[in-house]
Every structure is written in structure tokens, then in C-alpha cells.
Amino acid sequence: MYDIKPLEEEWKKYKKKKRRPWFVLIFSIFLILLISLTFLNYKEIDFIKFYDMSKAEIVTNKSTTLLIDKALTALEIKKPKASEVRQIAEIEPMTVTSNENASIEIVEDLPISEDLGTIKEPRVNIETTTIQEPRKKMHLEIIETTSVSAYKDVAKRFHQSHDTDDSLFLAKSYYRKGNYKKAEYWAFQTNKVNGNIEESWLIFAKSKVKLGRKNEAINILTAYIKRSNSTEAISLLYKIKKGIL
Amino acid sequence: MKSRYEAAKNVFIDSIDIGDYIELDSSTSAYKQLEHSMDKPLKMILLFGKPGTGKSILLNRIHNKLKNQREIHYFDTPAINEKEFFHKLFKVLTKKDLPNNTEVNFSALVNFCKNLRGKREIIILLDEAQMYGPEMMEKIRLFSDSRAVKFVVSLHKTEDEDLIAKEHFQSRIWEVIELKNASKEDQSKYIHKKLLKKNLFEVANAIKDKDLKLIHTFTKGNYRECNKLLFTLFEICEYYDKNDPSKINYEHMPKRIIEMAALKLGYIHV
């Protein structure tokens, strides 16, 4: 063996070449890690900013919805279709004509400032009272969310499905909150879909009394009693007439 | 002082010396297969495989083992020309020498073979048969048709040789024995047995499993390549042993030296 030195040199070169991919790999991993760390750091700062901004946005949105309650008002402005009105007129001609006019008036006259006052306060009241209603799971959902948007969702759902459970719930809730105009509106909507729900007729009449339309309430109740002979309605009519509601 | 690696180096000098034959599972199996095939009434047996898979040593071994029992002849080197081949064949068949300036009458020799049928059974081991041209192979086939002469034809496995096999032997009664490169286990046994045969226990012990794996990777299990690599490997060791002992570990073969040998032989490149 006389060519050992060149062979040794060749081996050194070979070893270097063999190690090169490893060096490249390690360097690449290091580079990727470095880039990822830098990127993460940058993202974190950005995220904090973004988080703050989104928080602020949420707060403002919440306040506007609480104050204005736009969607609900918009829904209420919707005038019922002539065919639907006719359908109800067949069941209760007297009541319907007076109610229709009344509801439109109510909605058109609806002052935003009054809404502000009524919506702002009694959120806790809704929760406690609705918990006692075991009949509707939907109420519990609203309690969990406790936001105005939940009422909007129910109203939206009603317009899609015409489920009287939804409209009656809204009528009762608004009545309890003292928002009698909305209570009257939702009771009316319930009656339009199903004219045999006693609770809805009672809320409708009570809301009218609270709004100072006692005669209308008496007329409605009289017509309903004639049709259903309901003791609850009779008792309410008595209370209205006596002025003890 | 003589280096221990000098003896180890000489173990791996490539030869077909029967004394160097190493019993391995694969080689024993090929040997038995060939021996069994030769007992069958076959005209031609084809032994093929890549160079360095042990065809020649197998033929040599079978010749050595059977030469005293049967009429077996080993043509280790191919004849330069047809004349030389027929002179050799004439000698085998007639047991007489022909003067150099005499031509063999081919058809007369074929007839002579036919007359031998049932009287003698001659086996001719033809190594490196890829050196014979197609015309020559055709004549060999005619001899084998006499059924007095059996040919064991050893060929390198290449596309061309497969073609020869197809063209000349496909329609004949023949058997194919293929020799393959050694597995890692077989090659490891081969290296260790070779060293132990020469009492080089310490050297054998210094070649560990991962070294054997590396050797197998470089040589792909080819016996000839393995011999070459180990010869070069021990040559480098011998140099270090004599000139720079600090670079060698007697307990364990340095990977560096195996790689250097592989570099020298061109198995790996810079």
C-alpha cells in the first residue's frame, strides 16, 4: 500500500460530503425554529392588539343593541299581510279590526327612548321568571345568553316558523318587563296564528288596559268569553271593569 | 515482523481453489441441486448468475468431488477457437490426443458420440460459456442430443446471455440453476469462516456486525467484490500496522478503514 496518503485525503473529503446533508438539515431546523419563534412573537403582539380591539368592538355592539334594539323594531314595523288579516277577521271580526289598527299605531308610535328605559333594567327579572316556566326549553337558552339578541333570534324564528310558542313567550316576557306595546304586539301575532290560546288573549287584553285602552280590552275579552266561556277571561273582565288590574 | 493483516489479506485473494471453498447454506443448496440435476437424464444444465456469485468454484468443487466416480471433465477456460474446442472434446471422448495440425470431422465426432449412447455417460462442465459464440453453442447442442454427453453450461447473467439460452436451449431438455449474491448473513459467515480457516480469530473478532453490514452494503453480497474489499481493507490495515499503529484499533475494525477501502475500489465516491 503506497498510496495511503491520497486515500486518507480522499476519505476526509468523503466524510465532509457525507456530513454536509446533516449540517444542512440541522441548519434548516434551526432556521425554521428561529423563523417560527419570530413569527410567533410577532403574532402574539398582534394578537393582543387584535384581542383588545375585538373586545372594544364587542362592548360597543352590545351597548348599541341594548340601547336601540333595531332588529326588533324593524320586525315590528312589518305590516301583516292582508290575507292573514282576513283570516283572523273571519274568526273575530270586531276584535281584529280594532287590534290591527291598534298594533300598527303602537309600532309606528314606538318611541326609542322608552325602549331604552325598559330594556336596560330588568334583565335579571327575565331570568328568574322564565326559569319557573318548565314548559319551554327555549326560555332556558335565552337565560343562558341573557342578551337582547336572544329576543331578536326568537322573533326571527317566529317569522320563519310561525310557532306560537315563540310569539307567546315574547308577549309574556315583554309584559313582565313592562313593555306593554311589545307585549300587545306579540299577543296579537299569537292570536293571528292561533286564536284559541287563552293566555295570549289575556295578555293582549291586559296590555291594552296598561296602555290605557280599557274599552278595547273589554270588547276583546267580551268577544273571547262569548266564544270560549273562559272563567279566567271572565275574572279578568271583572277586574278590568272594576279597575283593579 | 510480519503483520497479522498480511495473512488476513491473503485469505481474500480471489481464486477458485477448492481449498478456499466455504460451506454456506446457499452454496450447499446450489451444490446439491446441481448434483441432483446431473443424475437426471438431462442433456444440458444451465448454471447462471452474475459474475462473482460462485459459479466457477461450484463447478470446480463438483468436478473434484465426482472425478473419481464419474466421467466428468471441467473446461475451465473457453477455447480460443472452434478447432481447439473440438481437439479438447475429441480427447475427452476418444481418450486420444490429436496432432495439432489435424482438423476434427464434426459430423464424424457426433456420430461417434451417438455410438457411445448407453455405453458411457460423459459430463462436461463448460465454464464461461458466454465466450462461445452462437454457432459453437449450436454444435454443443448437437453433441448433447446424442445423449452420451451431458453439458453443464455456466453463463454470466446478462440480457445477451439470456438470449443465447433462449435461442439454443429453450427447446431442449434442460434445467436452470441460478446463483445469486449472498445475503448479509451468508456473507458474514463467509468472511468469518474464511478468516477462522486460517486461524485468524482475533482479526475475525475485530469485524463486528455493523462492519459486516457496511461491507454487505458496499459489495451487495457479491463474493468476488467482498474478496476485493477485504483484501484492500487488510492491505490498509497492514500498512497502518507497520507504519502508523496509532491509526488502527486491534479490537475493532475502524469504519474509516472500511470506507477507505470502498473509496479505493470505487464503491463510494467523493
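Predicted model: local features only at pLDDT ≥ 70, side-chain atom pairs only at ≥ 80, totals over all residues.
How many salt bridges does the structure hold over all chains? The count is 31.

1. In chain B, D25(B) and K189(B) form a salt bridge through their side chains, with 3.5 Å from N to O. The two residues are 164 apart and the pair links distant parts of the chain: D25(B) belongs to helix α2 (residues 25-39), K189(B) to helix α8 (residues 184-197). D25(B) has a relative accessible area of 54% and is exposed, while K189(B), at 36%, is partly exposed.

2. K91(B) and D97(B) make another salt bridge, and their closest N and O atoms are 3.5 Å apart. D97(B) counts as exposed because its relative accessibility is 58%, and exposed means over 50%. K91(B), at 44% relative accessibility, counts as partly exposed.

3. E259(B) and K255(B) meet in a salt bridge with an N to O distance of 3.9 Å. Both lie in helix α12 (residues 255-265) of chain B; they are four residues apart, so about one helical turn separates them. Are the two partners buried or exposed, or in between? E259(B) counts as buried, with 1% relative accessibility. K255(B) is partly exposed, at 39% relative accessibility.

4. In chain A, helix α11 (residues 198-210) packs with helix α12 (residues 214-228) at an angle of about 160°, and the axes of the two helices are 7 Å apart. Angles over 145 degrees count as roughly antiparallel, and α11(A) and α12(A) are therefore roughly antiparallel to each other. Their crossing is left-handed.

5. Which residues make this helix contact? From α11(A) come E198(A), W201(A), L202(A), F204(A), A205(A), K208(A) and V209(A). From α12(A) come K214(A), E216(A), A217(A), I220(A), L221(A), Y224(A) and R227(A). By residue class, the contact of α11(A) with α12(A) has nine nonpolar and five charged residues, and no polar ones. Among the residues of the contact are W201(A) and F204(A) on the α11(A) side and I220(A) and Y224(A) on the α12(A) side.

How values were computed. Residues numbered from 1 in each chain as written. Chains lettered and ligands numbered in written order. Heavy atoms only, no water. Salt bridge = Lys/Arg side-chain N within 4 Å of Asp/Glu carboxyl O. Buried < 20%, exposed > 50% of the residue type's maximum accessible area, 1.4 Å probe, protein only. Axes fitted to C-alpha atoms, helices over the stretch in contact; angles between N-to-C directions. Parallel < 35°, antiparallel > 145°, perpendicular 65-115°, else oblique. Left-handed = near helix turned anticlockwise from the far one by under 90°. Contact = heavy atoms within 4.5 Å. Nonpolar A, V, L, I, M, F, W, Y, C, P; charged D, E, K, R; others polar.
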